[in-house]
Every structure is written in structure tokens, then in C-alpha cells.
Amino acid sequence: ERSENNLNFNSKIQLKKLSPNRLDVFKVSNCETIEYFFWKKFWKILPKRIGKGSILINRESHLLYETTINLTRMGFAIKKLSMPQLFDKEYSSKIEDFYNKIIKPIVNEHISFFLTKEKQKIAECIFKKKFLKDLNIYEQSVEIWNSKIEYFKKIKTKALFDSFVVGPVWHALSEVLRKNKILICSFQHGHNKEFCDLTKYSTATFGEMVTSDLFFCYSNMTNNFIKKNVPYSKSKIFPVGIPKYYTHKHNHLLKGIKKSVFLYLSTCVHSSHTQPIVTSNWSDKEKTQKEIFIVENILSKIKHSCIYKTYPVKVYPDNEQIEKCINKYNNIFYFDSEYDLMFLKNHAQMIITSRATSTLGWCMATSMPLIYINYKSNYCVTNEFKSDARDAIFFFEAEEKDFQKKIVTFLNQPIKEIKRDWYLRKKKRKKL
């Protein structure tokens with residue numbers, strides 16, 4: 001428990017979850033992913049200066065993998081960066097003056113739309129503390145990266161590849177490299193912008209498209225979305241298609257997990273007191289209540305077996321209430337781990353999920369029959385996506401009258417009937 005600005009916060013440290021081992025990762029990986037890790041090991045041994053040039057790598061993604069291997073085949077070296085060692089350092093009065101004169105009025109203008117004056121003061125104090133800390137780290141990081149620039153030149157560094165530049169350390173690196181005429185390239189790392197109604201409010205904070213020189217995205221829809229909503233983006237945008245890994249098929253099954261008819265992929269992420277103003281209008285309590293409703297009133301009411309898969313990443317614990325609820329029902333198997341859809345898709349015939357997060361994009365890429373639950377009040381899909389999705393996937397509105405009755409009736413159909421209906425929607429899905 002800790003106190004900050006007269007507010008008390010309770011938090012627990014999450015016990016380490018079951019993580020994919022290397023053998024499991026290898027068995028679900030496509031050729032491009034395996035080749036990337038080969039080149040990564042290869043250039044860890046050989047001196048970088050013998051290559052045509054070097055590519056610095058920070059935060060990795062599958063689109064980054066596929067782009068990088070094409071360059072390594074041409075003779076370019078790659079170097080994976082690590083976090084530099086930082087030290088505690090007092091920030092100067094100049095930094096605080098800069099915040100008070102320039103940043104504070106902007107912050108107050110934005111948060112006044114969402115918060116009362118009393119809460120606005122508390123939020124601004126928390127933001128100020130975080131901002132001054134990050135700016136201090138940024139300035140220290142600039143010094144560190146400047147001291148390494150001669151080495152980067154020695155290994156003929158051509159570009160930095162990063163899924164998205166985020167955090168003061170990496171913003172400092174991108175600025176130092178840019179001043180030395182080294183390209184900053186970022187890569188889209190998940191579906192969401194294409195179909196989530198929320199991103200038009202929050203996308204300006206996505207570092208992948210704001211701070212890079214070149215941004216490689218999945219589609220023209222993303223390209224048009226960025227041009228419309230992020231007019232100050234520095235990036236030249238290149239739509240290149242989705243990574244091959246998204247649609248990769250394999251035969252691997254996890255030990256100890258039985259096959260089921262349905263796989264429910266939860267998008268419930270508890271975030272304790274770190275609630276973003278725009279994206280988290282549901283409290284942790286409300287998120288838990290929604291999940292328990294799904295378990296008690298839908299999953300437990302169907303005659304088929306179902307795997308309940310928690311979200312692979314947790315910010316804060318925990319799913320204890322949800323797990324206790326699930327344990328009451330024999331047809332539902334609870335699986336809490338860092339294994340994601342790629343590891344589990346062979347364990348079920350159909351997928352159920354909700355909310356317009358990147359999970360929806362991953363589900364659609366599998367081509368498996370998909371039952372999607374849309375919440376108008378949280379991570380709702382766009383109207384454009386909804387109009388096409390209704391006839392392309394199995395689309396349900398959670399706030400609609402008789403929602404529970406409709407979805408349970410649908411899920412209790414013979415499996416062959418659901419699959420037949422899915423096949424008949426194939427042409428519509430191509431459009432989607």
C-alpha cells in the first residue's frame with residue numbers, strides 16, 4: 001500500500017505466470033520468425049563492420065522480423081539494443097520552469113474536459129511528477145547515446161528498427177540518431193486502429209506513427225486513418241500487408257490442455273489505479289462483473305466444452321473472482337498463462353471474444369469461426385466495421401435486448417450448422 005497526493009492505492013505483485021518455453025515457441029513459429037532469430041545469433045558472433053551496414057533493433061514484432069530478414073539476406077548486420085544503465089539524478093530548476101510555463105497549461109486544458117477541478121489538481125500533480133522524472137531520464141539518456149554515436153558510425157548504422165518508440169530512453173535515442181542522419185523506422189504491431197472507434201481519441205499517443213521517419217503499416221485503411229487523425233505525424237507511411245505469422249498454420253498442441261469446441265479469449269485487463277482517462281471508462285470491478293456475466297449466463301449455459309483463456313499480459317492482478325466462478329462449471333476449463341492464441345488455436349473449433357482490441361484482429365486472421373461480442377460502452381467497433389461484420393462474422397451486441405438468450409441459442413446449435421453458416425459468409429469476410 002502506498003500514498004500519493006493524499007490518495008491510497010492498494011496493489012499486489014503478480015506471481016509469474018506460465019510462460020511459453022522455447023520449444024513451444026519454435027513449434028508455432030513460421031519460417032520467417034525462425035530465420036530472424038538465426039540472423040540475430042549470427043550477427044551476435046560476427047563483427048558488424050563486415051556487413052554492408054547495420055540495423056539497430058529495439059522493440060521487436062513480426063512485421064519487423066519479416067522486414068529485417070530481407071535486409072540480412074542482402075548482407076546487412078543487425079544489433080539488438082539493450083537498456084542503458086541510468087542513475088538517480090536531481091532535475092534542474094530549468095526543467096520545472098519549462099513544465100510550469102509550457103506543459104502545465106496544455107495538460108490542464110485537456111484534462112478539464114474529463115475531470116472536476118478538484119480531481120484535475122490531483123491528476124496534474126501526478127502527471128507533473130511523472131513528466132519531470134521522464135524528462136530527467138531523457139536528458140541523461142541523450143548524453144549516454146551521444147557517447148555511443150561513434151560506435152554506431154563505426155558499424156555503419158543505417159537505421160533503427162522499433163515496433164514503436166516509447167519512453168524517454170528510446171525517444172532520446174531516436175533524436176540522437178536523427179541528428180546524425182540515421183533513419184528511424186517503426187512497424188505496426190497489432191490490429192486495432194482499423195476497427196476500434198476509440199482510437200480516433202487516443203491514437204495521437206501512439207509513438208509508432210508519430211516519432212518515426214518511416215512507418216510500415218498493414219493496410220491503406222491505417223494509412224488513411226493516420227493522415228486524418230494524426231496530421232502532425234513525422235512519418236512517411238507505407239502499407240505493406242499483415243505479417244505472414246498472423247495466418248501461419250501449424251499442428252502443435254500444448255500438453256495438458258484438452259481439445260474443446262469453443263475457445264473464449266478474454267480481453268479483461270485489470271489496471272488498478274492506472275486508468276487512462278479515455279480508454280478505461282470501466283473500472284476493474286466492472287470489468288470483472290462483465291466477465292462473470294459471460295461465464296454464468298453464456299458459457300455455462302452451452303452444452304459444449306469451452307476453454308476460458310485469460311489475457312496473456314497482466315498489468316495488475318487478479319482474476320481470482322473469475323476463476324472461482326469458472327470452477328463451478330464442468331464444461332469450462334480455466335487457463336491463465338502467457339500463452340496466446342497462436343499456441344491455443346488448435347485446441348478449439350471456434351473462438352469467442354469481445355471488445356475491439358488487437359485480439360479481434362488475431363482472431364480474424366485464423367479464419368476460424370468467430371463469435372464477437374460488441375460493447376457500445378467500451379472499445380466499441382466503428383460503424384463502418386459493424387455494417388460489414390454483421391454479415392461476415394457472428395456479431396452480437398451486448399447491450400441489445402435479449403442478448404443473452406440470442407447468443408446462448410446460437411451457441412447451442414449443432415456444430416455443423418454453425419460451421420455451415422460460417423462457410424456461407426466467406427465472400428463477405430473477404431470484403432471485411
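**The open sheet and its surroundings**

Reply: Happy to walk through it with you. Six strands with parallel pairing form an open sheet in the order β4-β3-β5-β6-β7-β8. Strands here are DSSP E runs of at least two residues and helices are H or I runs of at least four, both numbered from the N terminus; two strands pair if DSSP finds at least two bridges between them. The edges are held by β4 (77–80) and β8 (236–239), each with a single partner strand, so one side of each has no neighbour in the sheet. On average, neighbouring strands are turned by 25° against each other, direction ignored.

A word on the basis: this is a predicted model, in which local features need pLDDT of at least 70 and side-chain atom pairs count only at pLDDT 80 or more, while totals for chains, interfaces and linings use all residues. Residues are numbered from 1 along each chain as its sequence is written, and side-chain values use heavy atoms, with hydrogens and water left out.

Strand β3 (residues 54–57) pairs with β4 in the parallel sense over four bridges, and Ile-55 stands opposite Ile-78 in β4. Both faces of β3 are covered: Ser-54 and Leu-56 are buried on one side, Ile-55 and Ile-57 on the other. Buried means under 20% relative accessible area, exposed over 50% and partly exposed in between, with a 1.4 Å probe and protein chains only. Across the chain of 432 residues, 48% count as buried.

Helix α2 (residues 31–45) lies across β3 and β4, and runs at about 85° to β4. Such angles run from 0 to 180 degrees between N-to-C directions, using axes fitted to C-alpha atoms, for helices over the stretch in contact; contact means heavy atoms within 4.5 Å.

The axes of α2 and helix α3 (residues 62–73) come within 9 Å and cross at roughly 60°, so the two are oblique to each other. Under 35 degrees counts as roughly parallel, over 145 as roughly antiparallel, 65 to 115 as roughly perpendicular, and the rest as oblique. The crossing of α2 past α3 is left-handed, meaning that the near helix is turned anticlockwise from the far one by less than a right angle (clockwise would be right-handed).

From α2, the contact draws on Glu-32, Thr-33, Glu-35, Tyr-36, Phe-37 and Trp-39. From α3 come His-62, Leu-64, Tyr-65, Glu-66, Thr-68, Ile-69, Thr-72 and Arg-73. By class, this contact of α2 with α3 holds six nonpolar, four polar and four charged residues. Here Ala, Val, Leu, Ile, Met, Phe, Trp, Tyr, Cys and Pro count as nonpolar, Asp, Glu, Lys and Arg as charged, and the others, Gly among them, as polar.

Of its contacts with a separation of 6 or more, 73% are between residues 24 or more positions apart.
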